[in-house]
Structures are given as C-alpha cells and as structure tokens.
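My entries are kept in the order I made them.

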Amino acid sequence: DRTTFLFLFFPSLLLVLRSWIWDGCLPALPVQLYQAWLLFLYIGLALRENILRVNGSGIRPWWIYHHYFAMAMALISLTWEIEGEPDCAQKQRGVQLFLQWAIMQGVSMLLQNRYQRQRLYTRIALGKV
C-alpha cells in the first residue's frame, strides 16, 4: 500500500508544483529522486522474485523480465537532461506524460490491491486458504 500511495502522491505533487510554483518547468532533482526510487523499487522486486523462483515459486519469467525492462527505463530516464533553456516546457513534455502514466498506474495498483484483499478475505471466510 505504501508503494501504491507513492505512485499516486509523488507524481501528483510534482505536477501540481510544476504549475503552481515552478512556472511550468520541473527542476531536475525531484524528478531524478523519483526515478532513483523507481530504480531501487524495481531492483528490489527483481531480486525478490529471482530468490522466490530459485526456491520453487511459480513466478512467470515474463514478470521478472518486466522488472528488468522497468529497471532499464528508470536508469535511462534518470540520465535524461530535463532542464535547460530556451523552452524547457517542450523538453519536459515526456516527463509530464510519464508522471501522468505513473499516477494512472498508482490508481490501477490501488484498485488491484483492494480486489485482492477482498478475494483473500472471502477465501478465509470460506475456509479455502
């Protein structure tokens, strides 16, 4: 749940501050902090899933590859130059779209977590766990 709220809160905060305080141009540091957090998250997930797979879990390989690709994208986007003149708003259009996508992913994660929690509660109530 904490990860879901970070997917929702931090990009929303960046987009709001972009329009209110930063005059349409994001400073590089907050965006890079978010990308570094994503890199750390995906590295941790990939390591955890590899350990689970070695111990006999049925995690599909495509799910682990997905996290490897997400790590690569976080690393690439961490190195992008997003500040600069004369038109930083045009340069940051991709960053803005990425932050909006991250918010949508956070909403999806929140809904999925609620659904899975309700299904688990139902299985516990029926004694099928």
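**Ground rules.** I noted that the model is predicted, that local features need pLDDT of at least 70 and side-chain atom pairs pLDDT 80 or more, while totals for chains, interfaces and linings use all residues. Residues are numbered from 1 along each chain as its sequence is written, and side-chain values use heavy atoms, with hydrogens and water left out.

**Core.** I looked up the largest nonpolar core and found 21 residues in it, with Phe-7 and Leu-99 having the most contacts inside it. Such a core is a set of buried Ala, Val, Leu, Ile, Met, Phe, Trp, Tyr and Cys residues joined through side-chain atoms within 4.5 Å. Buried means under 20% relative accessible area, exposed over 50%, and partly exposed in between, with a 1.4 Å probe and protein chains only. Two or more residues each come from helix H1 (2-20), helix H2 (28-54), helix H3 (61-78) and helix H5 (93-126). H2 gives the most, 8 residues. Helices are DSSP runs of H or I with at least four residues, numbered from the N terminus.

I then listed the contacts of Phe-7 (contact means heavy atoms within 4.5 Å). Leaving aside neighbours within four places in sequence, they include Tyr-34, Trp-37, Leu-38, Leu-41 and Tyr-42, as well as Ala-102, Ile-103 and Met-109.

**Helix H2.** I checked the length of H2: 27 residues, reaching 39 Å from first C-alpha to last, close to the 39 Å expected at 1.5 Å a residue. The expected span is 1.5 Å times one less than the number of residues. Among the buried residues of H2 are Val-31, Tyr-34, Gln-35, Leu-38, Leu-41, Tyr-42 and Glu-49. An α-helix has 3.6 residues a turn, so residues three or four places apart point the same way. The cover over the buried residues of H2 includes H1, H3 and H5. After H2 comes Gly-56, with a positive phi near 100 degrees.

**Cavity.** How many cavities of 30 Å³ or more does the structure hold? I found 1, and the largest cavity has about 80 Å³ of space. On a 1 Å grid over the protein atoms alone, a cavity is a set of points where a 1.4 Å probe fits but cannot get out, whereas a pocket is an open set with protein on both sides within 12 Å along at least five of seven lines; lining residues have an atom within 4 Å of a point. A volume is the space filled by probe spheres set on the points, which are joined across faces, edges and corners. The lining of the largest cavity includes Val-31, Gln-35, Trp-80 and Phe-98.

The largest pocket has a volume of about 730 Å³. It is lined by 26 residues, and Thr-3, Phe-7, Leu-41, Leu-45 and Met-109 are the closest to its centre. H2 supplies the largest share of this lining, 10 residues. The second largest pocket has about 280 Å³ of space. Of its 14 lining residues, Ala-70, Met-73, Ala-74, Phe-98 and Trp-101 are the closest to its centre. H3 gives the most to that lining, with 5 residues.

**Leu-110.** I placed Leu-110 in helix H5. Leaving aside neighbours within four places in sequence, Leu-110 is in contact with Thr-4, Phe-5 and Leu-8.
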